[in-house]
Amino acid sequence: MKRKLLIIPLLVTLLIMCMLPTFASEEAANTGVTVTNGVGTPGKEVRLLVSVRSTFADNVGLVINYDEEVLTMTEKSEWLINGENELADVDVANGMAVWGADAMELKGEIFEIVFQVNENAEIGATTEVDCRLRAMWSEDTQLDGVASATVSVKNIAKITGAVSSYGDEEAPVTVELLNGESVVSTAILENGESVYEFEVEQGIYVIRVSKTMHCPREYEVSMEDLEDKVQDAEIRLYGDVTGDEEVDVLDAMEVLKYSTEEQSVITNEDVYVKQMADVTGDEEIDVLDAMEIVKYSTEEQSVFDSLK
């Protein structure tokens, strides 16, 4: 009987010991941090997004190390925990920032840190921003979750603008940034978005905007002075030469007038309206374009079917 009584506590102890590594490994597997890279210009801001996962019930902190000779931390957003903004014990000093929160569980929440690139930072230089999770109860206890971001120092500026379009409000708008013949970057505006933004180096660029049923349009933007620029854009429906947001017989009449050299809303000076009028795409504005516009307005089969 005594042996049996002794065996039971031993079995319980062994069971607990076997379970502990499992819990630790599960927590480690669900713990991690990621951070985005960035590009900054001396004297301007660079923003990095940090994503954190943690299932530890005790105090856990995020430590960010950076080179003070290149970067200065200017802003840091709060952790969004359980749907509420919650931030505890932020300490920024000597190239290190420490976030901490009590009994938190983070499931990939994202927050933003903002650095200013120092005025004397060397163009072409790169610097690392290291992020790691740490147990707040002990500076020596490191948790699984380490990530590094690279911040490149370049002479860059921003091109931003708002896009106006018509027709289907749910159809996405594509905004492309071109340098020469090459597409450098692309922004897709959807779900009601209308504003684009590109970061560019010195040079001359083209903003190309397109959408289904719309005539694409290009805008040249010079960034030789590396000053931020605003380039708004408007694209209109193919065939809508009158600009009333309808493609109908009135547009067809204007196309016919232009093709017979009568006074029309279509002029040789307005290249974009001429592109809108050439719905057949044969580089001629003539009776064939007018016929296709009439067909579309009366819901007959037309070249517009290929534009949807």
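User: What do the buried residues of α2 pack against?

Analyst: They pack against α3 and α4, where contact means heavy atoms within 4.5 Å. The model is predicted, so local features need pLDDT of at least 70 and side-chain atom pairs pLDDT 80 or more, while totals for chains, interfaces and linings use all residues. Residues are numbered from 1 along each chain as its sequence is written, and side-chain values use heavy atoms, without hydrogens and water.

User: Which residues of α2 are called buried?

Analyst: Asp251, Ala252, Glu254, Val255 and Tyr258. Buried means under 20% relative accessible area, exposed over 50%, and partly exposed in between (1.4 Å probe, protein chains only). The helix itself is a DSSP run (H or I, at least four residues; strands are E, at least two), numbered from the N terminus.

User: What puts these residues on the same side of α2?

Analyst: Their arc around the axis is only 160°, which puts them on the same side of α2. The arc is taken over the directions from the helix axis to the C-beta atoms.

User: Which residues of α4 are buried, and what covers them?

Analyst: Asp289, Ala290, Glu292 and Ile293 are the buried residues of α4. They too span an arc of only 160° around the axis, so they sit on the same side of α4. What covers them includes α2 and α3.

User: Why are α2 and α4 called roughly antiparallel?

Analyst: The axes of α2 (residues 249–259) and α4 cross at roughly 175° and come within 8 Å. Axes are lines fitted to C-alpha atoms, for helices over the stretch in contact, with angles from 0 to 180 degrees between N-to-C directions. Over 145 degrees counts as roughly antiparallel, under 35 as roughly parallel, 65 to 115 as roughly perpendicular, and the rest as oblique. α2 and α4 are therefore roughly antiparallel.

User: Which residues meet there, and how many are nonpolar?

Analyst: From α2 come Val249, Asp251, Ala252, Val255, Leu256 and Ser259. From α4 come Val287, Asp289, Ala290, Ile293, Val294 and Ser297. By class, the contact has 8 nonpolar, 2 polar and 2 charged residues. Ala, Val, Leu, Ile, Met, Phe, Trp, Tyr, Cys and Pro count as nonpolar, Asp, Glu, Lys and Arg as charged, and the others, Gly among them, as polar.

User: Why does Glu283 count as exposed?

Analyst: Its relative accessibility is 72%, so Glu283 counts as exposed. Glu283 lies in the loop between α3 (271–277) and α4 (287–297). Its phi is positive, near 65°. Most residues other than glycine have a negative phi.

User: Where is Glu299, and why does it count as exposed?

Analyst: Glu299 is in the segment after α4. At 75% relative accessibility, Glu299 counts as exposed. Its phi is also positive, near 60°.

User: What makes β15 and β18 edge strands?

Analyst: The open sheet has 4 strands in the order β15-β14-β17-β18, with antiparallel pairing. β15 (182–189) and β18 (217–222) each pair on one side only. Neighbouring strands are turned by 20° against each other on average, direction ignored.

User: How do you know that β17 and β18 pair?

Analyst: DSSP must find at least two bridges between two strands. Here 6 bridges join β17 (residues 204–210) to β18, and the two run antiparallel. Tyr205 stands opposite Val221, and Ile204 has Ser222 as its bridge partner. The hairpin of β17 and β18 has 6 residues between the strands, and Met213 there takes a positive phi near 70°.
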